[in-house]
Each structure stands twice: as C-alpha cells, then as structure tokens.
Amino acid sequence: MRVIAGEFKGRPLKSVPTHKTRPTTDKVKEAVFHGIGPFFEGGKALDLFAGSGGLGIEALSRGVESCVFVDQQQKAIQTIYENIKTLDINERTEVFKTDAMRAIKAAGKRGLTFDYIFLDPPYKKFSYQDLMEALLEYDLVAEHAVIVCEHDASEEIPKEVSRLKRMKTDHYGSNIGVSIFE
C-alpha cells in the first residue's frame, strides 16, 4: 500500500496485520479520488472503519486540512498511529478506538462537521442507510459534503438518504463497488 498522489505521493503505508481488515486497493483509491477531487483546498475528513487509515491519509496528502480516523480494532488503531507517525501528520489527525455509531454520537456532541466522509465497513455487516441517517441526525455532514461508500458489488445501495443523493456507483472487479453521495 502506498499514497497515490499529493504531498506524500509514493510513500508506503503499513497495512493492518490481520485478516479482519480489507485494505482499499491502489486502483480503487485512485479512482475514488479522481471521482471526488482529485485535489482539495482544505476541508475536514472522517475515515470511519479506517483500517490502516489509507483513505483519510490519501485525502490529507491531496490537500484536506484534517482527518478523524475511527476503528474498533486495536491492531488497526496501532497501524493508523504508525502511518501517521511515519508521515509526521499528527497535528492534522485525531484517532479513536470505538465503534462507528458511538463515534458518530461523540462527534455530534463536539459539534464537528465533515466535508469528506469515507465509509468502508466490513462488507454486508452494516446498513449504509443507517450510517448515513446517523451522520445526518448528528449534524456531521457539511452542506456540500461528499460521502464515499465502499461496498460489496452485489449490495443494494440506496439512491438517496434524506438530502444525500447517490451521484454514481462504479464496480471494480467482481466484488468491489464504490458509491458516491453528495
């Protein structure tokens, strides 16, 4: 794994040493960022189900101001911290070891809003509808935010969730789908 473009282009990233996480491939990561950017002038990102932190780190490399990383696995959290330290971006990041819904509620209590939200949960274990409804309920979605959902290609993803509309869905190989909401 590596950073594809931007400030940290080409820098290697550690992956989580467990079978419980599935890193986003470089091909998918590159396609996602070409679809939503490819570069940014500030903004705040939330990398929920962060794994190694690859999506949030890519966003930071491409100009996002700050990123909150959330994962509930200890090995994932350790890997995120290692990647943050390697790139010396500690002052631009926050890392939380907790489950997604608890993180959403906590961020809401803090009054945080995000311009870029990456949702990459274990395939077929979470409802994207429920996750996006919670993000909206706790006012975490900035006015012109983009939400990227990585999912199993066979999963039915809603066309809209309240004010969020699915702009596109692409498939990569036979099992990876990416849907982008605005």
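Let's start at the surface: Lys85 is exposed, with a relative accessible area of 71%. Here exposed means over 50% relative accessible area, buried means under 20%, and partly exposed is in between, using a 1.4 Å probe and protein chains only. Lys85 sits in helix α3, which covers residues 74-87. Its C-alpha atom is separated by 28 Å from that of Gly35, a residue 50 positions away along the chain.

A quick word on what you're looking at. This is a predicted model, where local features need pLDDT of at least 70 and side-chain atom pairs count only at pLDDT 80 or more, while totals for chains, interfaces and linings use all residues. Residues are numbered from 1 along each chain as its sequence is written, and side-chain values use heavy atoms, with hydrogens and water left out.

Now step back to the whole chain. The protein chain has 5 helices and 8 strands; these are DSSP runs numbered from the N terminus, with helices being H or I of at least four residues and strands being E of at least two. Reading from the N terminus, the order is α-β-α-β-α-β-α-β-α-β-β-β-β.

How is all this packed? For 182 residues, a compact globule would have a radius of gyration near 16 Å, and the protein chain has 15 Å, which agrees. That radius is taken over C-alpha atoms, and the globule rule is 2.2 Å times the number of residues to the power 0.38. Of the 182 residues, 53% count as buried. Among contacts with a separation of 6 or more, 64% come from residues 24 or more positions apart, where contact means heavy atoms within 4.5 Å.

Next, the aromatic rings. A search of the whole structure turns up 4 aromatic pairs. Rings of Phe, Tyr and Trp (its six-membered ring) pair if their centres lie within 6.5 Å; planes under 30 degrees apart are stacked, over 60 edge-to-face, and the rest tilted. Phe33 and Phe40 have ring centres 6.2 Å apart and planes at 70 degrees, so this pair is edge-to-face. Both of these residues, Phe33 and Phe40, are buried. Phe33 also pairs with Phe118: the centres are 5.7 Å apart and the planes at 40 degrees, so that pair is tilted. It links distant parts of the chain, with Phe33 in helix α1 (residues 26-36) and Phe118 in strand β4 (residues 114-119), 85 residues apart. Phe33 and Phe118 are both buried. Together, Phe33, Phe40, Tyr116 and Phe118 form one aromatic cluster.
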